[in-house]
Amino acid sequence: MSTTMQAIQMDAFGGPEVMELREVAVPEPGPGEVRLKVAYVGMNPFDAMARAGKINFMPISFPFTPGLEHTGVVDAVGEGVDAGLVGQRVISRANFGAYAEYSIAKADVLLMLDDRIDLKTGSVYRGCSFTAWHALYKAGRLQFGETCLLHSAAGPIGIMGAQIAKSSSCTVIGLAGGPDKVAFAKTFGADHVFDYTQDGWVEQVKDATGGRGVDVIVDGNGKPNAAHNIELLAPLGRVVYIGATAGDMPDPVDIPTLIFKNASVAGMNLAPIEDPPDSPTDRTIIESVATGAWRVPITEEVSLAGVADLHHRLESRQVRGRAVIRVGGDLT
Ligand SMILES: NC(=O)c1ccc[n+]([C@@H]2O[C@H](COP(=O)([O-])OP(=O)(O)OC[C@H]3O[C@@H](n4cnc5c(N)ncnc54)[C@H](OP(=O)(O)O)[C@@H]3O)[C@@H](O)[C@H]2O)c1
């Protein structure tokens, strides 16, 4: 085996151009760690935020290699780790460093990839489906047959959310930025998808509910359209904020408005409340993905040489669903 590998590295925060493809040493796993031969990396917005210096909840040191959600095959184990892991197909989610032929992961947070799910799908499905599931059912307390509104309905969380909510016979309304994203989001089963870049979308959502409003709203965009969320709620409706992709957090809602509208506003941060591997949630999601009942929205594949351009297109809102970075590929 070669002692060097191809990896993206950056020496400072900045735009996509700070990422360079370099020949670097293959890393060695430390105690409690494994080394993965990287297969695919899901292009998570967190990678772009980390590159830009906008992440303060995970340690970042230079030279830095982005790449969070990825799959691979265990290639070596560090001290104290079961050597039987070598050769296993796994999902790594808790470490950056995957824009490289080899990555290092903590052994105790690795997830085994179900035999029926390929390495490419494995790099994407769990993060977006778990986020959507917990936002809808746990934070939003979505009930069978209710109505939900999903911002960024052409993004992976919106798309998995639509399919999850439809499996509870809910009415799903999506919002997306532009006609291409509207058409794309519709193919995943939403009952209505409206273009929020056009005037009139607020009335369209109200009309789609017969004027009643929606029961649950999941919003990962933040400020630009959040001012309408309370207005669009049905009595006893719930708004769940999961992020602020558009840059700014929504303005606070005053308590008298919540009282008058019978409204609740919640936040959802997946990590502390995530159902564990082999939980009923995990098994339901794996089964739905493995059988094709829920389709994982992988829309394009680029090589390590294409990541700077991909970051640029993600940040200029040109990516639908989830793009993946093919590193070792299917590793057969
Ligand atoms: N709370 C949690 O535990 C948790 C976990 C994972 C992810 N998240 C959050 O969930 C949200 C959705 O995640 P995702 O992976 O599904 O992302 P995503 O939808 O792929 O995000 C990209 C989309 O965001 C929209 N967007 C709006 N303003 C934007 C801007 N200024 N720049 C770039 N994109 C913009 C665009 O869609 P339109 O043009 O259609 O608006 C774009 O296609 C994010 O806020 C993410 O941080 C939260």
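Predicted model: local features only at pLDDT ≥ 70, side-chain atom pairs only at ≥ 80, totals over all residues.
Residue numbers start from 1 along each chain as its sequence is written. Local features need pLDDT of at least 70 and side-chain atom pairs count only at pLDDT 80 or more, while totals for chains, interfaces and linings use all residues.

**The sheet.** Select the six strands of the open sheet, which has the order β10-β9-β8-β11-β12-β13 and parallel pairing. Strands (E, at least two residues) and helices (H or I, at least four) are DSSP runs, numbered from the N terminus; two strands pair if DSSP finds at least two bridges between them. At the edges stand β10 (192–195) and β13 (264–267), each with a single partner strand, so one side of each has no neighbour in the sheet. Neighbouring strands are turned by 20° against each other on average, direction ignored. Axes here are lines fitted to C-alpha atoms, for helices over the stretch in contact, and angles run from 0 to 180 degrees between N-to-C directions.

Next select residues 147–150 (β8) and 171–176 (β9), parallel strands joined by four bridges. Thr 147 has Thr 171 as its bridge partner in β9, and Leu 149 stands opposite Ile 173. Five of the six residues of β9 are buried, so the strand is largely enclosed by the rest of the structure. Buried means 20 or more other C-beta atoms within 10 Å of the residue's own, with C-beta atoms placed from the backbone.

Right-handed means that, with the strands pointing away from the viewer, the path from the first strand over the helix to the second runs clockwise. Four bridges also join β9 to β10, again parallel; Leu 175 has Phe 194 as its bridge partner in β10. The crossover from β9 to β10 passes through helix α5 (residues 179–186) and is right-handed.

**Helices across the sheet.** Select α6 (residues 201–208), which lies across β8, β9 and β10 at about 165° to β10. Then select α3, lying across β8, β11 (214–219), β12 (233–241) and β13, at about 145° to β11.

**The core.** Which residues touch the most other members of the largest nonpolar core? Leu 136 and Cys 148 do, among 87 residues. Such a core is a set of buried Ala, Val, Leu, Ile, Met, Phe, Trp, Tyr and Cys residues joined through C-beta atoms within 7 Å. Helix α3 (residues 125–139) gives the most to this core, with eight residues. Finish on Leu 136: leaving aside neighbours within four places in sequence, its contacts (C-beta atoms, placed from the backbone, within 7 Å) include Cys 148, Ile 164 and Val 216.

How values were computed:
Buried ≥ 20, exposed ≤ 12 C-beta atoms within 10 Å, placed from the backbone. Contact = placed C-beta atoms within 7 Å.
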